[in-house]
Amino acid sequence: MKRLLLFLICVNIINASEIDSLLQTYEQASELSEKTKDESAGNLIVYTREDLERMQVETLKDILKSLRSFDYEENRIGQPDLLNQDPIAYYSKSVRVYLNENELLTPLTGSGFLLFGDMEMDFIDHVEIYEGFPSFDFGVEPATIVIRLYTKTAQHDAGGRIKLSVASHGSSKTNAYYSGQEDDFSYFVYANHLDNNKDVYQEVGGDLKRDQESSRFYGSISTKNHSLELHVMQAEGDAFLGPLVGLGPSGNIPSSTSEKGQYISLSTHSEFLNKSMSLNISYSHDKSTFTSLYSPIPITIKGAPTLNVNSYYQTIYGDTFTASLKKEFELDKHSITVGGQYRYKYFDLDNISFNTVPSPANPVYNKENIYSLFLQDLIQLSQNHLIALSVMNQTYDRNANMKSENTTQLRFGYIYSSKEWIAKTFIAKQEFSPEPYMTISPYYGNINLKADSYKSVFQEVSYEKNRATTKLILGYGLNENTPLIDNTFTIQNASKEISGYSAALEFTLLFRQRDKLEFQANYTRLESPYGNKDSKYHNFVLRMQNSISQFDIFNELVINTGDKDVNNGYDYSAGVKYNLTRDFHLSLKGENIFNSALKKAYFTKLPTTLSPTTEKVIVPIIEQKFMFSMEYLF
Amino acid sequence: MIKLFLISLLITTMYADDVKLASSIFNTIVSSITHKKNAAVYLYYDIESVSRYPDKLQVVKDCSIADVVLLSSIKDIPKECESEILFGTRYSHLKNKNVIGAFFWQKGRPNILFYRDRLAKHHIKLDKSFDKYIENE
């Protein structure tokens with residue numbers, strides 16, 4: 001991309017009177033991701049605004065389904081859960097999502113990925129994904145994957161847009177944004193309503209549904225050094241299998257399920273001392289309600305006061321407050337960043353009823369204070385060599401009788417960069433404290449759970465020449481105390497260390513002025529914590545973006561093979577966008593066009609052992625879907 | 001800043017490029033307005049791209065000797081500047097009838113817009129490559 005731009009810049013310098021091409025070149029060179037991305041922070045994947053628009057990325061899932069070394073997964077409630085380990089409802093505590101400078105968070109689960117891992121992208125300018133235990137200066141707690149979403153800004157998007165979409169199964173989406181700039185401040189407001197309907201899966205006991213209806217409001221107001229953001233979301237729909245897993249032969253197919261979710265956050269970002277110091281403050285409140293009916297076939301639930309459960313109802317409340325202060329110091333060859341961060345979490349999952357009879361969970365604790373400090377030193381050895389040293393420590397202080405915890409992360413990075421070559425080496429040791437849902441869940445929680453730790457080394461090498469980039473990424477990780485479900489349906493730390501290996505080869509070619517060809521081949525192997533054979537997983541991605549006259553055309557093929565306990569899958573998606581005028585666009589997109597994408601298996605009854613022969617429901621994670629959209633800018 | 005080590009090699013260059021490109025666009029616009037190679041511009045208050053990379057433009061500190069006044073704000077424009085050729089950097093600057101045109105971001109893309117009557121009032125004839133950027137008010 002850089003070479004293309006430099007080439008275009010040269011062309012424009014030669015022919016400076018061509019104001020049209022000068023403007024076009026300026027638009028490409030002004031891509032906001034060029035100003036926000038941090039190559040030293042991890043193994044980085046960037047989806048620019050142009051990528052998102054030309055690929056017709058409707059929700060975050062559309063890019064996560066081809067994520068290097070991972071495949072997009074959802075839990076048994078139908079919520080995003082990238083690292084899902086069914087029947088545990090949520091396993092992605094270390095996948096952290098940020099909207100601009102503040103983390104989207106739900107306190108019970110440790111990260112907000114389950115609420116935001118599939119949110120619509122119409123107000124997002126670009127996405128940065130950092131893999132490989134990324135830099136500590138992103139947040140209060142450690143992460144394996146950091147997804148940074150940057151909203152559109154009034155500086156570039158003054159004016160408005162309205163978009164209408166219709167899709168398979170009667171789905172629809174309507175949204176609008178408007179932004180403007182005054183002398184002293186700018187503002188951006190966005191509202192969306194999404195009606196996302198999916199296939200119905202008929203099982204003995206009931207129909208499984210995953211339809212969702214959601215609304216979102218996002219608004220920001222910014223001055224030169226300060227910004228204030230308000231983010232409100234409300235969702236309701238079907239909860240697929242529901243959070244419960246039944247004991248005994250009757251299994252746990254519900255006759256119906258539902259969920260409702262509400263989220264509100266208010267956050268600020270301020271910069272001081274010539275942008276060398278920053279302060280982020282955010283508050284969030286969330287509420288989730290789950291209902292499952294089991295009629296006429298009742299189920300048996302671990303932890304329930306009755307053997308025959310016909311109905312289940314639970315409301316979970318959460319509050320978080322986060323404050324983060326960072327300061328950078330420039331000392332000769334050293335760039336030192338010091339950060340102090342505080343996070344408060346409150347969670348209430350006491351409101352549970354079985355057969356309409358209240359059955360409080362009486363959790364051991366419901367508040368957590370996290371104090372986090374980090375220090376990072378970036379040492380520029382020479383023009384081509386950089387060393388990054390980081391250390392971070394958290395203290396988890398919990399109320400009532402729950403033990404406190406102390407976790408530490410260490411990270412070493414070496415980066416070599418020349419005109420054509422970039423090599424990045426990252427060695428990290430990270431400890432992850434158990435999140436509340438793992439310790440106090442009435443179904444599988446274990447208050448004695450220890451922190452899980454990861455030692456990892458990642459090597460990335462990339463070579464760029466003649467508008468072609470080749471990248472190789474090799475990774476090895478040794479996981480200790482991995483949280484796993486045991487045969488009594490309780491989360492336990494794995495008794496043995498688990499090794500994981502990953503390799504990824506990527507090739508990107510830019511041709512003509514705006515066309516792009518991408519190929520990825522990924523391999524992942526993970527030792528079994530149960531002494532079974534290793535899990536091996538391959539994934540291949542072939543993607544092409546073309547612009548012909550007023551048409552933007554997108555083709556993508558994602559192939560998943562390997563030991564995923566289900567059939568292999570391939571997902572072919574394609575789209576065409578017709579730019580009728582500069583302000584009026586029509587789009588047609590097909591997702592999983594041949595209905596052959598990877599499927600996922602969910603337990604239909606609590607396994608006594610995690611044997612692959614246990615009864616499961618198998619459904620596609622990415623369903624076949626066709627969508628028609630129109631958008632108008634004003 | 002060392003944190004931007006890689007970016008200094010790969011990215012900051014790009015950032016510099018977009019600032020330089022913005023300056024190139026201002027140079028082209030001012031040259032077309034004035035038909036001068038080294039036109040004098042007065043910046044009210046500041047326009048980063050031009051102040052950092054003036055290229056062929058002469059940045060002057062006195063409005064009265066400027067060929068064009070480039071505006072980052074239309075609030076409290078000094079009286080001595082009001083009679084000069086005013087050019088804005090936001091669409092909203094065109095609300096001021098003395099502003100002949102603007103170079104601004106809108107709808108996710110950079111735009112240039114001149115109003116025909118306002119150009120005529122100052123007897124300005126832009127070269128043909130700007131025809132598509134001239135509109136009736």
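Q: What makes two residues count as being in contact here?
A: Their C-beta atoms, placed from the backbone, have to lie within 7 Å. This is a predicted model, by the way.

Q: Which residues does N225(A) touch, once its neighbours within four places in sequence are left aside?
A: S270(A), E271(A) and F272(A). N225(A) itself sits in the loop between β11 (212-222) and β12 (226-237) of chain A.

Q: Why is Y187(A) called partly exposed?
A: The label covers whatever falls between 12 or fewer (exposed) and 20 or more (buried). Y187(A) has 16 other C-beta atoms within 10 Å, so partly exposed it is.

Q: Where is Y187(A), and what does it touch beyond four places in sequence?
A: Y187(A) belongs to strand β8 (residues 186-196) of chain A. Its contacts are A154(A), S179(A), G180(A), S220(A) and I221(A). As for Y570(A), that residue is 383 residues away in sequence, and the two C-alpha atoms are 42 Å apart.

Q: What stands out in the largest nonpolar core?
A: That core has 82 residues, and the members touching the most others are I88(A), V97(A), Y98(A), V146(A), I147(A), L149(A) and V309(A). Strand β5 (residues 145-151) of chain A supplies its largest share, five residues.

Q: Which residues does I88(A) touch, not counting those up to four places away in sequence?
A: Y444(A), I485(A) and I491(A). Apart from this core lies another, of 33 residues, including V30(B), Y42(B), L71(B) and I85(B).

Q: In what order do the seven strands of the open sheet in chain B run?
A: The order is β2-β1-β3-β4-β5-β6-β7, with mixed pairing.

Q: What makes β2 (58-59) and β7 (134-135) of chain B edge strands?
A: Each has a single partner strand, so one side of each is left without a neighbour in the sheet.

Q: How do you know that β3 and β4 of chain B pair?
A: Pairing takes at least two bridges between the strands. Strand β3 (residues 68-71) and strand β4 (residues 85-88) of chain B have three, so they qualify, in the parallel sense. As for V69(B), its bridge partner in β4(B) is L86(B).

Key: Residues numbered from 1 in each chain as written. Chains lettered and ligands numbered in written order. Predicted model: local features only at pLDDT ≥ 70, side-chain atom pairs only at ≥ 80, totals over all residues. Core = buried A, V, L, I, M, F, W, Y, C linked by C-beta atoms within 7 Å. Helix = DSSP H or I, 4+ residues; strand = E, 2+ residues; numbered from the N terminus.
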